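Grab a viewer and work through a few exercises on the complex shown here. Try each task yourself before you read the solution under it.

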Amino acid sequence: MEILIQNIINALQFGSFYALIAVGYTLVYGVLLLINFAHGDIFMVGAYIAFFVATFFLGEYGIISPGALSGMTVLMLSIPLTMLLTSCVGVTLERIAYRPLRNKGAHRLYVVITALMCGLILENGNLALLGASRKKFPELIDKAVWTLGDISVTNLKVAVIFTAIAVFMLLHFIVTKTKIGMAMRGISYDKFAIPLMGIPVNTIIVFTFILGSGFAGLAGFMFAMSYPILEPYMGALIGWKAFIAAVVGGIGDIRGAFLGGFLLGFIEIGVVAVFPSTLRDLLAFSVLLLILWWKPTGLFGVAKTTKI
Amino acid sequence: MQKYTFNALLAVGALVLVLMAHTGHMDLYIQSVLMLMGMNIILATSLNLVNGYMGEFSCGHAGFMCVGAYVSSVITVILFTKDRVFGPPLLDPSLAIWFFPVAVLVGGVAAALVGLVVALPSFKTRGDYLAIITLAVNYMVISAIENIDVIGGPRGFSGMKRVINSMHDVADIPWMLVWVLLGTAFSVWILRRFVASTYGKGIIAICQDEVAAEIMSVNTNKMKLIAFMLSSGVAGIAGGLFAHAYGYVNPQSFNILKSTECMVMVYLGGMGSMSGAVLAAVLFTMLIEALRFGIPALDGVMHTIGLLPDSYEISQVWKWVIIPLVLILLMQFRPEGILGNKELSDVFPRLRRFYSFK
């Protein structure tokens, strides 16, 4: 029983990471019908930005004297700054790579390829500029372990899970209740009629990228705090997995992204609990493949009818 | 006879290459580049069948290559070499020259069967969802092979060099170069025959409009099945050749980066153009090899004129920044690739007098 609850907590933590990244895929897809393949690498860039911001506030570069700020203050300052800088990266990609193609009316496949290549550039550019040595993320807050019977939870795990839930509520509110969310849904519904209604399409798209990349930055920060070793390829596998989670949930739907993310977390932890851990990827992907076979448009996806 | 000029030139060219390699006028490095070029041609043309002609987005092509590589090398190692795991050879090693093509073809068939995993969901699924399935299959293949310990798991599998050596014992000619040339010719021929046939036009019809194709009596499910299986089977052949040319395979050499390479070649050449894919594969291989020498040269120049601090070196990693950048620029300024969906003979109609591929 204790093992079960312990595993559920681990699954929730992993699922939170997947969900936070998957939401970025789903937001962009929902508005542009574009698979932003660079998103996993934006997550990686977010983790690196978190590293540099945190070490900056800790006094690494000599501008702020070391030890002037307490760990908690650094955390509170770094999170918004990381999210802001990461969303700048996302918006830059949108401006220099995706928007020119969109304005030319290029086939969306070409945009997808561009996204894939942007991801590769971010990965390998990072490797080429910063070198292959791994970065160690500094410890900002003291680790507290709460035990309840035989179950032990760290404060970090709880924070990750609650962050994911809070982000879900916020995004769900933005997309379903606000005007800008309505515009986002409108663009995905009919991108030709929406500009005629006086809605600035490009502003809405930039806002979508800000949201998606910002939360990828948040996920990168959380991930770096939980697993403090950073390397340039860390975003690749987790990004692909989060993307698959988003598709399984039904890409374009916020609820789907979160459900898919948590589902993937539970499948992975469940597989590791029963089988040898080397089988994790194989079985997780097989289960997801079966789900897609059973429901080809994902759990929350709406099947489109083809008109003749 | 004028019709066969180009074909004859190709055959003579291949013969000259083999002769040069045999007499030692071509060093091993150039040979390996040529072989890589051949394999890239196979990969690009086979992926072009699905991504170009059929208009789907398959991004897990390296997974099928992986299946072909492992199956064919396990077969040849079991049959012709004394292996630590598999024991003494089952057949006389001198028979390897006859059975090697069979083993590579069996690898291709195995890859085609794995292609079924993608082909069957493609009946109901299209576009982005199918792309995910191909991606997942790539990961699954790698993960599955890493979990089979008999064939080395994550450490990789070797021993194919001994098969090649036993071929050299029979006759001392550059066998691998011969096989790669033959494999390339065979793959391009079979794909070209399929696409140019009336039957294969069904695939282009699916790309244009699936519903209309269905109404015009194209059995879309069957065509998709054939296209995916043929494409992955030919990729398996490339994998078998790859494994034997290098003598060592590792599951991680068939990861998503390799699949990306295949996609780069297809989109560089132009979707739905056989000659474009061949051209792109040749150019891409040459670009990679040029960067191998260009990057250290650039590094040297930058250091002598003092633009770079001594502590920083431009490493080979920049190769994988430059190649994606080339493709991004291509997408911005010429998104249809080098040839678009035209063949070389559509661009230069006079070429048509000099070749006949039937």
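**Exercise 1. Find out how confident the predictor is in the complex and in chain B.**

Solution. Start with the whole thing: this is a predicted model, and the predictor gives the complex an ipTM of 0.83 and a pTM of 0.87. Next, zoom in on chain B, where the average pLDDT is 87 and 99% of the residues score at least 70.

**Exercise 2. Work out how α1(A) and α9(A) are oriented to each other.**

Solution. First, recall that two packed helices are described by the angle and the distance between their axes. Here the axes of α1(A) (residues 2-32) and α9(A) (residues 234-249) come within 8 Å and cross at roughly 70°. Angles of 65 to 115 degrees count as roughly perpendicular, so that is the label for α1(A) and α9(A). Now list who touches: α1(A) contributes residues including F17(A), Y18(A) and I21(A), and among those from α9(A) are I238(A), K241(A) and F243(A). Sorted by class, the contact's residues come out as 10 nonpolar, two polar and one charged.

**Exercise 3. Describe the side of chain B that touches chain A.**

Solution. Count residues to begin with: 32 come from chain B and 36 from chain A. Then assign elements on the chain B side; those giving two or more residues are α5 (127-147), α11 (256-269) and α13 (319-333). Of these, α5(B) gives the most, with 12 residues. By class, the chain B side has 23 nonpolar, six polar and three charged residues.

**Exercise 4. Which residues have the most contacts inside the largest nonpolar core?**

Solution. The core has 204 residues, and the ones to pick are A136(B) and M265(B). The largest share of this core, 16 residues, comes from α1(A).

**Exercise 5. Is I42(A) buried or exposed?**

Solution. Locate I42(A) in helix α2 (residues 39-57) of chain A. I42(A) has 31 C-beta neighbours inside 10 Å, so I42(A) counts as buried. Setting aside residues up to four places away in sequence, its contacts are T86(A), V89(A), G90(A), S213(A) and A216(A). To finish, check P66(A): I42(A) and P66(A) sit 24 residues apart in sequence and 29 Å apart in space, C-alpha to C-alpha.

Terms used
Residues numbered from 1 in each chain as written. Chains lettered and ligands numbered in written order. Predicted model: local features only at pLDDT ≥ 70, side-chain atom pairs only at ≥ 80, totals over all residues. Axes fitted to C-alpha atoms, helices over the stretch in contact; angles between N-to-C directions. Helix = DSSP H or I, 4+ residues; strand = E, 2+ residues; numbered from the N terminus. Parallel < 35°, antiparallel > 145°, perpendicular 65-115°, else oblique. Contact = placed C-beta atoms within 7 Å. Nonpolar A, V, L, I, M, F, W, Y, C, P; charged D, E, K, R; others polar. pLDDT = per-residue confidence, 0-100. Core = buried A, V, L, I, M, F, W, Y, C linked by C-beta atoms within 7 Å. Buried ≥ 20, exposed ≤ 12 C-beta atoms within 10 Å, placed from the backbone.
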